[in-house]
Amino acid sequence: MEVIFLLIAISLILASTFLFLFFRAMKDGQFDDNYTPSIRILFENNSKKPKKDQPSKPKSYE
């Protein structure tokens, strides 16, 4: 029974250590994406917005 308490204590310490390291990495900007915004202009924008010279289709109410 003592082994279970020891394992629970060790797992809580280990989990809290990983959580602390994760939040520290988030604060330091480890997961910030600095590459994608600089190349976003190179990709084609395929949005489905209607053009201004084309009239939009009226909605049918059934």
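Of the 62 residues of this protein, 3% count as buried, where buried means under 20% relative accessible area, exposed means over 50% and partly exposed lies in between, judged with a 1.4 Å probe and protein chains only. The model is a predicted one, in which local features need pLDDT of at least 70 and side-chain atom pairs count only at pLDDT 80 or more, while totals for chains, interfaces and linings use all residues. Residues are numbered from 1 along each chain as its sequence is written, and side-chain values use heavy atoms, with hydrogens and water left out.

The protein has two helices and zero strands; helices (H or I, at least four residues) and strands (E, at least two) are DSSP runs numbered from the N terminus. Its accessible surface comes to about 7,100 Å², of which 63% belongs to carbon and sulfur atoms.

M1 lies in the segment before α1 (2-28) and is exposed, with a relative accessible area of 72%.

Turning to the aromatic rings, a search of the whole structure finds two aromatic pairs, rings of Phe, Tyr and Trp (its six-membered ring) being paired if their centres lie within 6.5 Å, with planes under 30 degrees apart counted as stacked, over 60 as edge-to-face and the rest as tilted. F22 and F23 form a tilted pair, 5.7 Å centre to centre and with 55° between the planes. The rings of F22 and F31 have their centres 5.9 Å apart and their planes at 40°, so this pair is tilted. F22 is partly exposed at a relative accessible area of 41%, whereas F31 is exposed at 51%. F22, F23 and F31 form one aromatic cluster.

Technical notes: Accessible areas come from the Shrake-Rupley method with a 1.4 Å probe; for residues, only the protein chains shown count as cover.
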